[in-house]
Amino acid sequence: MDDGAQEHEVSGNKAATIVFYAGSGCPYTQRVWIGLEEKAIDYQWVDIDIYRKTNTDGDSNPNARGRWLLPMEELKQIYPNFVACSPRGQLPALENGGEKVHDSTVLLEYVHEAFIGPPLLPTSPYARAQVRLWSKHVDLHIVPNYERLLAAHDQETRSLAREDLLRGLSEFQSVMAPLTEGPFFLGDDFSMADMALAPWWQRMCSVLRAYRKFDPTAFPRLQAWFEAVEARPSFAQTSVDPEKLIEDFSYCADPDIEEGTRFRRGKIAGNVSSNNNKGGILSRREDKHLRAGYGRSLRTLSETSSIP
């Protein structure tokens, strides 16, 4: 990439161009985005849209919000540099001086180790193992059940998904440091475990609460935790407007909900300028609030990859 990339001195004093391939509004992207902002490094944001507005038969659906994945061959043609960095078309991905990494949790560990700045993992081997374990727990026992509950149409499936989701959240909450030691997973230290859950908890408290009657008050420790998370600039600068999330997921509303009750806001004021620019590049210094709040709609897929 040679489109005005920001440079940053990494360990070893070797200047490297950092390119962040990301999807506006993607919770996996936000995880790594939080980490990059915590490190306060400069990077290129390359906006990637791995979805298209038509179904596999080519029929346009303006209300679909781009929920059909692009085939890999098409993705390669549109975003060759991104696919070279993430061969399965997974978001997010990062290139640092020729080093190509993808997968959000792997990327958070890479960001922790590759760049100077506040640590994303603790120094104690045991504490570090706990952060890794419970970050994995989020991906195995919380995110899939959130997606199942949101996608389910029948009450039996919803009931089972809700039960599994509540269990996963209860288990996470039970191993958090006591609130007297600090608000975050480890107490005073903000870590990868917090970044792993934060984008999803926001969606539970907005989308899932609006359309599946999720009750966040059942988790008082997580509520106190999220108040502290929201106060961090790294989260505030990367988060999506909750009302925008509710609107983006209006297709998840049950048919018997009146149209007027589905939304909490009026017409969205605008979109990210790069939305019509394939591979549009934004610098870290540009308006991150605009990009987070008015980017492409969020999806509820697991670690997103394109169709092979």
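Okay, so buried here means under 20% relative accessible area, exposed means over 50%, and partly exposed is in between, with a 1.4 Å probe and protein chains only. By that cut-off C26 is buried, because its relative accessible area is 11%. C85 counts as buried too, since it comes out at 2% relative accessibility. And the structure holds 0 disulfides, where a disulfide would be a pair of cysteine sulfur atoms within 2.5 Å.

Quick housekeeping. This is a predicted model, where local features need pLDDT of at least 70 and side-chain atom pairs count only at pLDDT 80 or more, while totals for chains, interfaces and linings use all residues. Residues are numbered from 1 along each chain as its sequence is written, and side-chain values use heavy atoms, with hydrogens and water left out.

Now the overall picture. The protein has 308 residues, and 53% of them count as buried. Its secondary structure comes to 11 helices and 8 strands; those are DSSP runs, helices being H or I with at least four residues and strands E with at least two, numbered from the N terminus. Take contacts between residues at least 6 apart in sequence: 67% of those join residues at least 24 apart. Contact means heavy atoms within 4.5 Å.

On to helix packing. Two packed helices are described by the angle between their axes and the distance between the axes. The axes are lines fitted to C-alpha atoms, for helices over the stretch in contact, and angles run from 0 to 180 degrees between N-to-C directions.

First up, α5, residues 125-151, and α7, residues 192-212: their axes come within 10 Å and cross at roughly 15°. That makes α5 roughly parallel to α7; the labels are roughly parallel under 35 degrees, roughly antiparallel over 145, roughly perpendicular from 65 to 115, and oblique for the rest. The α5 and α7 crossing is left-handed, meaning the near helix is turned anticlockwise from the far one by less than a right angle; clockwise would be right-handed. On the α5 side the contact residues include V131, V138 and I142, and on the α7 side they include A196, W200 and M204. By class, that contact has 15 nonpolar, 1 polar and 4 charged residues. Nonpolar covers Ala, Val, Leu, Ile, Met, Phe, Trp, Tyr, Cys and Pro, charged covers Asp, Glu, Lys and Arg, and the others, Gly among them, are polar.

α7 also packs against α1: there the axes come within 8 Å and cross at roughly 130°. So α1 and α7 are oblique to each other, and their crossing is right-handed. Among the residues that meet are Y28, R31 and I34 from α1, with M195, P199 and W200 from α7. The class count for α1 with α7 is 7 nonpolar, 3 polar and 3 charged.

Next, α4, residues 104-114. This helix is mostly covered, with 8 of its 11 residues buried. The cover over those buried residues includes α1, β6, β7, α5 and α7.

K39 lies in helix α1, residues 27-39. Is K39 buried or exposed? It's buried, because its relative accessible area is 5%. Beyond residues up to four places away in sequence, K39 touches several residues, including V111, F115 and P118. S191 sits in the loop between α6 and α7, and is buried because its relative accessible area is 1%. Leaving aside neighbours within four places, S191 is in contact with L120, V131 and L186.
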